[in-house]
Amino acid sequence: MVDAVNDDEQLDRLKEWWQENWLPLVLGLGLAISGVLGWNMWQSYQKEQAELASGHFEQVRLAIQLGNIGLANEQVDILKSKYRSSAYAAQGAMLVAKGLIESEDLAGAASQLEWVVNYADDDKLQHLGRIRLARVRWSQGEPEAALDLLSAPKLESFTGLYAELRGDILVSLGREAEAKEAYKLAVQSADVSDLSALQQKLSDLVFENEQMNADDQEAVAE
């Protein structure tokens with residue numbers, strides 16, 4: 001009899017607890033299910049967007065191979081407007097810039113590279129775009145603008161590339177002492193593509209300076 005009473009009390013307590021808590025439980029369960037469904041939908045959407053962006057990038061690549069810069073530009077514009085946060089947008093702009101440089105359209109290449117510098121989410125792509133933009137500005141007869149680009153904060157892994165190009169530009173401006181320091185910094189870095197060529201640049205510059213000093217001394221002696 002006691003057990004029956006206890007069972008009835010427990011059942012009453014369970015009913016009472018359910019009446020007090022059923023709504024939060026149902027809402028919590030609903031939110032959990034919605035969260036899972038929402039996350040799955042978001043993942044699916046992200047995957048779909050990535051596939052679409054990849055398709056446009058492939059069109060850019062094929063257009064460049066065929067020499068159709070106009071079509072490549074159209075596809076890159078789509079990537080920039082609809083898939084800006086995707087790495088494909090910056091990569092596409094870099095490809096088009098390369099094609100424009102090869103066709104000697106430096107202004108068009110600069111425009112694409114400026115977009116990469118300003119909007120690329122990937123730091124490495126952004127810095128690579130900055131270096132290439134500096135080369136374009138130098139080729140356009142704007143060495144000071146190129147040097148300004150190379151003075152921007154940079155990733156440590158790009159120090160050598162920045163310094164080597166800075167040295168090249170300074171040499172072209174006749175600023176050998178500054179160029180020498182830039183080359184030294186580049187040699188000390190591990191990210192240069194051709195260390196032997198860079199060391200040769202530095203050696204040539206040192207030799208030229210020594211030769212000039214020797215010539216000056218001879219002129220004074222005479």
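Let's start with charges: in this predicted model, the count of salt bridges comes to 6.

| Salt bridge | N to O distance |
|---|---|
| Arginine 61 and glutamate 58 | 2.4 Å |
| Arginine 137 and glutamate 114 | 2.4 Å |
| Arginine 175 and glutamate 178 | 2.9 Å |

Take arginine 61 and glutamate 58 to begin with. Both partners sit in helix α1, which covers residues 2–65, and they are 3 residues apart, about one turn of the helix. How exposed are they? Arginine 61 has a relative accessible area of 30%, so it counts as partly exposed. Glutamate 58 is partly exposed too, with a value of 31%.

Now for arginine 137 and glutamate 114, whose side chains meet in a salt bridge. This pair ties distant parts of the chain together: arginine 137 belongs to helix α5 (residues 123–139), glutamate 114 belongs to helix α4 (residues 106–119), and 23 residues separate them. Is arginine 137 buried or exposed? With a relative accessible area of 17%, arginine 137 is under the 20% cut-off and therefore counts as buried.

Glu144 joins Arg175 and Glu178 in a network of salt bridges. Arginine 175 is partly exposed at 26% relative accessibility, and glutamate 178 is partly exposed at 37%.

**The overall layout**

Stepping back, what is the protein built from? It has 9 helices and 0 strands, so reading from the N terminus the elements simply go α-α-α-α-α-α-α-α-α. Of its 222 residues, 31% count as buried. Looking at contacts with a separation of 6 or more, 49% are between residues 24 or more positions apart.

In soluble globular proteins, nonpolar side chains tend to be buried together. Here, the largest nonpolar core holds 45 residues, and Leu79 and Val116 are the ones that touch the most other members. Helix α3 (residues 87–102) supplies the largest share of this core, with 7 residues.

What does valine 116 touch, once its neighbours within four places in sequence are set aside? The list is Ala90, Ala93, Met94, Leu125, Gln126 and Gly129. Two of those names, Leu125 and Gln126, turn up again among the buried residues of α5.

**Helix α5, covered by its neighbours**

Helix α5 has 17 residues, and the distance from its first C-alpha to its last is 24 Å, close to the 24 Å expected at 1.5 Å a residue. Its buried residues are Leu125, Gln126, His127, Gly129, Arg130, Ile131, Leu133, Ala134, Val136 and Arg137. What covers them? The cover includes α3, α4, α6 (143–150) and α7 (159–172).

At the start of α5, a side-chain oxygen of aspartate 122 comes to within 2.9 Å of the backbone nitrogen of lysine 124. Just after the helix, glycine 141 adopts a positive phi of about 80 degrees.

**Helix α8, with a buried face**

Helix α8 (residues 176–188) has 13 residues and spans 18 Å from first C-alpha to last, close to the 18 Å expected at 1.5 Å a residue. Which of its residues are buried? They are Ala179, Ala182, Tyr183 and Ala186. Viewed down the axis of α8, these buried residues fall within an arc of 100 degrees, so they line one face of the helix. Turn to the face that points away from this buried side, and you find the exposed residues Ala177 and Gln188. Glutamate 178, from the salt bridge with arginine 175, is partly exposed.

**A buried glutamine**

One more residue to look up is glutamine 75, which sits in helix α2 (residues 69–82). Its relative accessibility is 12%, so glutamine 75 counts as buried. What does it touch, not counting residues up to four places away in sequence? Glutamine 75 is in touch with His56, Gln59 and Val60.

Key: Residues are numbered from 1 along each chain as its sequence is written. This is a predicted model: local features need pLDDT of at least 70, side-chain atom pairs count only at pLDDT 80 or more; totals for chains, interfaces and linings use all residues. Side-chain values use heavy atoms; hydrogens and water are left out. Helices (H or I, at least four residues) and strands (E, at least two) are DSSP runs, numbered from the N terminus. Buried means under 20% relative accessible area, exposed over 50%, partly exposed in between (1.4 Å probe, protein chains only). Contact means heavy atoms within 4.5 Å. A nonpolar core is a set of buried Ala, Val, Leu, Ile, Met, Phe, Trp, Tyr and Cys residues joined through side-chain atoms within 4.5 Å. A salt bridge is a side-chain nitrogen of Lys or Arg within 4 Å of a carboxyl oxygen of Asp or Glu. The expected span of a helix is 1.5 Å times one less than its number of residues. The arc is that of the directions from the helix axis to the C-beta atoms. A polar contact is a pair of N or O atoms within 3.5 Å; within protein, one must be able to donate a hydrogen and the other to accept it, and residues adjacent in sequence count only if both atoms are side-chain atoms.
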